[in-house]
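Let's take a walk through this structure together. Have the sequence and the 3D view open as you read.

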Amino acid sequence: MQNIAFDLDGTLLKSFIRHKYVLGLALQKNNISLKLNDLIESKRNGMSNEKYLLSKNLDIKLIRNICDYWCYHIEDMRFLELDRLYVNSYNILIRNRLKNNKLFLITARNNSKNCNIQIDKLGIREYFNEIFIIPSNLSSYQSKAQILMQNKVDYFIGDTEVDKKAALISGVKFIPCYHGFRSKLFLDKVRV
């Protein structure tokens, strides 16, 4: 039996459509016409929304308005409905439960109520021994690391530099998920 922790967004859950859609709405609200064809690839290569918009030569004040709108709405239920589990997510969770592994979900979200509703709608709560919803901020990796250590986690499966840093500083084996928000090339460069 092993203790295995999973990240949610980008690891078990495909949420690219939501991220792109909400940024598109934020641009519309600010009367900006911009094609977002390269947004997801830019994010996978380490760009934040702010850096992405800076690369499009938008005014910094306007970028802040757009990013504020995005942050305020990205976890609205109407947009969370756009997310889908990756095809293999159920199989991975079922297989690990059948092996009697202890499973943890550790996700950084600012609206824990909507996150819990989404987890229930996705039908994945039953697979986890415990679910941790931590605030999404600059210290998220420290919060994740603390949870990993407290629960004596053996493996942490995630898709971002935050997940990798959390695993590295907690001494937990990191299993990168390259189909999520960061590419293999980007994640391989991450150091603590």
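Two strands count as paired when DSSP finds at least two bridges between them. Keep that in mind as we start with the sheet of this predicted model. Strand β4, residues 102-108, pairs with β5 in the parallel sense, and the two share 5 bridges. To place yourself along this pair, look for Leu-105, which stands opposite Ile-131 in β5.

Now widen the view. The open sheet is formed by 5 strands in the order β5-β4-β1-β6-β7, with parallel pairing. At its edges stand β5 (130-134) and β7 (173-176); each has a single partner strand, so one side of each is left without a neighbour in the sheet. From one strand to the next, the twist averages 20°.

Helices lie across these strands. Helix α7, residues 112-122, lies across β4 and β5 and runs at about 145° to β5. Over β6 (155-158) and β7 you will find helix α9, residues 161-170, running at about 170° to β6.

Next, turn to helix α1, residues 16-29. How far apart are its end C-alpha atoms? They are 20 Å apart, which agrees with the span of 20 Å that 14 residues should give at 1.5 Å a residue. The buried residues of α1 are Phe-16, Arg-18, His-19, Val-22, Leu-23, Leu-25, Ala-26 and Leu-27. In an α-helix, residues three or four places apart point the same way, because there are 3.6 residues a turn. The buried residues of α1 pack against β2 (13-14) and against the helices α2 (39-44), α3 (49-55), α4 (60-73) and α5 (77-80).

Note on methods: Residues are numbered from 1 along each chain as its sequence is written. This is a predicted model: local features need pLDDT of at least 70, side-chain atom pairs count only at pLDDT 80 or more; totals for chains, interfaces and linings use all residues. Side-chain values use heavy atoms; hydrogens and water are left out. Helices (H or I, at least four residues) and strands (E, at least two) are DSSP runs, numbered from the N terminus. The expected span of a helix is 1.5 Å times one less than its number of residues. Buried means under 20% relative accessible area, exposed over 50%, partly exposed in between (1.4 Å probe, protein chains only). Contact means heavy atoms within 4.5 Å. Axes are lines fitted to C-alpha atoms, for helices over the stretch in contact, and angles run from 0 to 180 degrees between N-to-C directions.
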